[in-house]
Amino acid sequence: SADAKFVLVADTQNHTIRRIDIATGAITIVAGLAGASGAVDGSSSAARFNQPSAIANSTDGKFALVADTGNHAIRRIDLDTGAVTTLAGQLGQTGSNDGTGSNARFFKPQGVAISADGLFALVSDSGNHTIRRINLLTGDVTTIAGTAGIAASGNGIGSAALFNNPTAVVISGDGSMALVADTDNHTIRRINLLTREVKTVAGLSGTSGSVDGVVPASRLNKPQGLWLSPDGMYAL
């Protein structure tokens, strides 16, 4: 949250979104029902998720977005009311179409990030091997990097760049670039969000390992989590 009083957790196998109060350690369910998977919009425990795997909340702490992996959709939670709606994609339907809201399609999305200004979100559409952008004002979904259905590795611009099961994604504070954990390529990729140019910034594609160093000497092994410092100078 903006005031750092709580964190949200995508509790994947429980099909729920949990909240942890940082001061007390108390854990509560924000949305979904433990042990009950499904595909239902609704308020709090009436909503259903299917293996949610990533979550991002807005800088003002008003809402959160969930990569609802098993439902192939991006869900929105109003953190004041607990109301869950489907922002993009059609619950239970796979695909790779760009479009607005329910006309767009995803395939096992596993990463989501919200820009600091709250105007757009990025999604690692893992099963499609692409990075998608959602305009949070209009709900319009566009593919900004990668080619749906092609699992490979290649730097380049837009659809010329290729990914293999990208998972985590983060956006810089100024909204100019993003980092992606390109899991099955064992690399971290950087996307210039103005030009859509993709570069490898850590690891060597197709080669796993645990070596520290500067690209291409560094090695990673299926990276799946990312954090970017507020000044954009380093990542974990």
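Which residues are linked with Asp-41 in a network of salt bridges? Asp-68 and Arg-75 are linked with Asp-41 in this network. A salt bridge here is a side-chain nitrogen of Lys or Arg within 4 Å of a carboxyl oxygen of Asp or Glu. The structure is a predicted model, in which local features need pLDDT of at least 70, side-chain atom pairs count only at pLDDT 80 or more, and totals for chains, interfaces and linings use all residues. Residues are numbered from 1 along each chain as its sequence is written, and side-chain values use heavy atoms, with hydrogens and water left out.

Seven salt bridges are found in a search of the whole structure. Arg-75 is buried, at a relative accessible area of 0%. Asp-68 is also buried, at 0%. Buried means under 20% relative accessible area, exposed over 50%, and partly exposed in between (1.4 Å probe, protein chains only). A salt bridge also joins Arg-18 to Asp-11, with the closest N and O atoms 2.6 Å apart. Arg-18 is partly exposed at 23%, whereas Asp-11 is buried at 18%.

Lys-222 and Asp-184 form a salt bridge at 2.9 Å, N to O. This pair links distant parts of the chain, 38 residues apart. Lys-222 lies in the segment after β18, and Asp-184 in the loop between β16 (177-182) and β17 (187-192). Strands are DSSP runs (E, at least two residues), numbered from the N terminus. Lys-222 is partly exposed at 41%, as is Asp-184 at 26%.

The largest nonpolar core has 17 residues. Such a core is a set of buried Ala, Val, Leu, Ile, Met, Phe, Trp, Tyr and Cys residues joined through side-chain atoms within 4.5 Å. Those with the most contacts inside it include Leu-65, Ile-74 and Phe-106. Two or more residues come from each of β5 (52-57), β6 (63-68), β8 (83-88), β10 (111-114) and β11 (120-125). The largest share, three residues, is from β6. A second, separate core has 15 residues, among them Ala-161, Val-169, Ile-171 and Ala-178.

β5 and β6 run antiparallel and are joined by five bridges. Strands count as paired if DSSP finds at least two bridges between them. Asn-57 stands opposite Ala-64 in β6. The hairpin of β5 and β6 has five residues between the strands, and Gly-61 takes a positive phi near 70° there.

Met-233 is in the segment after β18 (197-202). Met-233 is exposed, with a relative accessible area of 67%.

Methods. Helices (H or I, at least four residues) and strands (E, at least two) are DSSP runs, numbered from the N terminus.
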